[in-house]
Amino acid sequence: MENNHVFKYISEQELGDMLQAFHAITRLNIALIDENGSELLQYGEKYPYCTEFARHNKSGRNCAQEHVRAGEMAKDFGEAYVFCCHSGMNHIVYPVMIKGKQFGSAVAGPFLMDDPDAVMITDLN
């Protein structure tokens, strides 16, 4: 991804309004991240599940890395990308593209597509 700041091209207020509208309609958390996975804007509360999972995670993988990788895949696909992260939760990532260059991603989630069960919990180990 380019190392240029997205707010040079779209105002922080305009992007914030779009993300806030998405959150209000879907009730999903959504964050705008830069090319390193750092949050630039965020709407919705962090889920306690994610905080606890990160605290006990022994895989060496982290959310920022997962979100950046998924954003790059979304760019390659040319559309939003739904993925399952290392904690078993689903997310939707939208690449932020300006004149054919990626300046970060909007990441929505986490959410489950099915009811949790014992198999899902076992697969986390």
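**Side-chain contacts in a predicted model**

Arg 69 and Glu 66 both belong to helix H3 (residues 63-77), where they sit three residues apart, about one turn of the helix. Helices (H or I, at least four residues) and strands (E, at least two) are DSSP runs, numbered from the N terminus. The structure is a predicted model, in which local features need pLDDT of at least 70 and side-chain atom pairs count only at pLDDT 80 or more, while totals for chains, interfaces and linings use all residues. Residues are numbered from 1 along each chain as its sequence is written, and side-chain values use heavy atoms, with hydrogens and water left out.

Two salt bridges are present in the structure; the term denotes a side-chain nitrogen of Lys or Arg within 4 Å of a carboxyl oxygen of Asp or Glu. Arg 69 forms one of them with Glu 66, with the closest N and O atoms 3.8 Å apart. Arg 69 is partly exposed, with a relative accessible area of 35%, whereas Glu 66 is buried at 5%. A salt bridge also joins the side chains of Lys 46 and Glu 39, at 2.6 Å from N to O. Here Lys 46 is exposed, at 54%, and Glu 39 is partly exposed, at 40%.

In soluble globular proteins, nonpolar side chains tend to be buried together. A nonpolar core is taken as a set of buried Ala, Val, Leu, Ile, Met, Phe, Trp, Tyr and Cys residues joined through side-chain atoms within 4.5 Å. The largest such core has 14 residues, of which Val 6, Leu 15, Leu 19, Ile 30, Leu 32, Leu 41 and Ala 108 touch the most other members. Two or more residues each come from helix H1 (12-26), strand E1 (30-33), strand E4 (90-98) and strand E5 (101-111). Strand E5 gives the most, with four residues. Another core, of ten residues, lies apart from this one and includes Ala 70, Cys 85, Met 89 and Val 107.

Contacts (heavy atoms within 4.5 Å) were listed for Ile 30. Beyond its neighbours within four places in sequence, Ile 30 is in contact with residues including Leu 19, Phe 22, Leu 41, Tyr 43 and Ala 108.

Thr 26 lies in helix H1 and is partly exposed, at 35% relative accessibility. The side chain of Thr 26 reaches the backbone oxygen of Phe 22 at 2.8 Å and the backbone nitrogen of Leu 28 at 3.1 Å. The C-alpha atoms of Thr 26 and Ala 108 are separated by 9.5 Å, although these residues are 82 apart along the chain.

Rings of Phe, Tyr and Trp (its six-membered ring) pair if their centres lie within 6.5 Å; planes under 30 degrees apart count as stacked, over 60 as edge-to-face and the rest as tilted. The count by this rule is four aromatic pairs. Tyr 9 and Phe 103 form a tilted pair, 5.1 Å centre to centre with 50° between the planes. This pair links distant parts of the chain, with Tyr 9 in the segment before H1 and Phe 103 in strand E5, 94 residues apart. Tyr 9 is partly exposed at 44%, and Phe 103 is buried at 4%. The rings of Phe 22 and Tyr 94 have centres 6.1 Å apart and planes at 75°, so this pair is edge-to-face.

Key: Buried < 20%, exposed > 50% of the residue type's maximum accessible area, 1.4 Å probe, protein only. Polar contact = N/O pair within 3.5 Å; in protein donor to acceptor, adjacent residues only side chain to side chain.
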